[in-house]
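Open the model in your viewer and keep the sequence panel beside it. The tour goes from one selection to the next and says what is found at each stop.

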Amino acid sequence: MARGLDAVVLDAPVFAGLDEEQAVQLAGCARTTGWDDGDTLFREGDPADAFYVVRRGRVALELFVPNRGALTIETIEPGEVVGWSWLFPPYRWHFDGRAVGAVRAIQLDGACLRSKCDADPALGYELMRRFSQVMLERLQATRLRLADVYAVPR
Amino acid sequence: MSVMTPSTYLVSERRRETEDTFTLELEPRNGGIDAPQPGQFTMLYAWGVGEVPISVSAVDDTGRLVQTIRDVGAVTHKLCALEQGTTVGVRGPLGRGWPIDELAGADVVVVAGGLGLAPLRPAVHALLAKRELFERLVLLYGARTPGDLLFLDELEHWRDGGFDVQLTVDAADAEWAGPVGVVGKLVARGGFDAGSAAALMCGPEVMMRFTAAALLERGVSAERTYVSLERSMKCGVGQCGHCQIGPTLVCVDGPVYTWAEMARWLSVREL
């Protein structure tokens, strides 16, 4: 028997432990999606009207630099979340997203979720708490990379 | 022979691993030192220049030594430039290595950062040589760029031998199709039973601090998380005190410690 989207949503670590009712609410804004290797998911400046939970494959977050091409800033792996720009005005992507290999993901509609969060502050708080954790982990990892820990001490 | 007297070894091969890292294969001229255990190190003496502690990056029972060196200072610059047929002084083997036999029955997670794979490589070889004694074997390896990854030609053999090898880099080039991010992020992806797993880790100290936190958060115990430390070592035999950290001397009590032993000392900035 096919599993419902609410069960699939709960598989994502970022949503682990949500109660059943909240999972159903999320599933109401969710659909499965996918891309082939090299496909562009979104471009810098595009409306960020969704976010994704990667289930298979890898998503590269890229920054296009004139005369250098696309620089991969970070990759998002299975179980991880792509995108938090849907949460904050002006709701636009800050980087490009590109599929590395065949990617399968859950897509969650940003406007749909925001309206549900407005109507249900408990859900809104829960999502904000979980996305804050994701942002904290990314920020710490970025700071660690900025520290260039592999550099030769001078 | 005194532990302070170097044995003479012939450089039988010199390989460039990355832009600034070389591997020397050394053959003993007159008997040489005892065979190192995985995780032990030697003091390599560039005649007339000086002596530095260097990781043993492969061991065998023929007496041959394999040591991997990063060109970062006067002595290592000289060592990295040694040509085939020249000689070098060797003292050792020194220190306490990886407790391979104590890991039997467990999942083993090997976590390496940059040059940290060099002292872990003999552990990888030992784990593969006794593959049947261990459950899942996982290697999480991170480096600054794809060009800084060591021993790439061996990684496929390790995969074939049963290692789940996962690589990541801090900064990618256009050819790199693997993960981009810190090595600690690979810990979260798992592939091992954290509750019973043991971890062997070596890399820059900051990387080890953050990665140890990730391992502990996943449920790997501090007593089963082993780290190899680098400190300023001079005598190598616990006499000079240069490598003291807390109550221990890294050259004789380490370089391998459990995280439970070492975590509090690594948080003391004055040490």
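A residue counts as buried if 20 or more other C-beta atoms lie within 10 Å of its own, as exposed if 12 or fewer do, and as partly exposed in between, with C-beta atoms placed from the backbone. The model is predicted, so local features are given at pLDDT of at least 70 and side-chain atom pairs at pLDDT 80 or more, while totals for chains, interfaces and linings use all residues. Residues are numbered from 1 along each chain as its sequence is written, and chains are lettered from A and ligands numbered from 1 in the order in which they are written.

**Stop 1: Val134(A)**

Select Val134(A). Is Val134(A) buried, partly exposed or exposed? Val134(A) is partly exposed, because 16 C-beta neighbours lie inside 10 Å. Val134(A) belongs to helix H4 of chain A, residues 121-146. Helices here are DSSP runs of H or I with at least four residues, strands are runs of E with at least two, and both are numbered from the N terminus.

Two residues are in contact if their C-beta atoms, placed from the backbone, lie within 7 Å. Apart from neighbours within four places in sequence, Val134(A) touches Val14(A), Val81(A) and Trp84(A). Trp84(A) is 50 residues away from Val134(A) along the chain, and their C-alpha atoms are separated by 9.1 Å.

**Stop 2: chain A as a whole**

Chain A has four helices and six strands, in the order α-α-β-β-β-β-β-β-α-α along the sequence. The radius of gyration of chain A is 16 Å, close to the 15 Å from the globule rule for 154 residues, so chain A is as compact as a globular protein of that length. That radius is taken over C-alpha atoms, and the rule is 2.2 Å times the number of residues to the power 0.38. The C-alpha trace of chain A spans about 55 × 35 × 30 Å along its principal axes.

Of the 154 residues in chain A, 32% are buried. Among contacts in chain A with a separation of 6 or more, 72% are between residues 24 or more positions apart.

**Stop 3: the loop between S5 and S6 of chain A**

Select Pro89(A) and Pro90(A). The peptide bond that joins them is cis, with omega about 5 degrees. Pro90(A) sits in the loop between strand S5 (81-82) and strand S6 (96-109) of chain A. Tyr91(A) also lies in the loop between S5 and S6 of chain A. Tyr91(A) has a positive phi of about 55 degrees and is not a glycine. Most residues other than glycine have a negative phi, and most peptide bonds are trans. With 15 other C-beta atoms within 10 Å, Tyr91(A) is partly exposed.

**Stop 4: where chain A meets chain B**

Show both chains. Which elements give two or more residues to the side of chain A that touches chain B? In total, 14 residues of chain A are in contact with 20 residues of chain B. The elements in question are strand S4 (69-76) and H4 of chain A, and S4(A) gives the most, with four residues.

**Stop 5: chain B**

Select Gly92(B) and Pro93(B). A cis peptide bond joins them, with omega about -5 degrees. Pro93(B) is part of strand S6 of chain B, residues 87-94.

Finish at Phe151(B), in the loop between strand S8 (137-143) and helix H3 (152-161) of chain B. Phe151(B) has a positive phi of about 55 degrees although it is not a glycine. Phe151(B) is partly exposed, with 19 other C-beta atoms within 10 Å.
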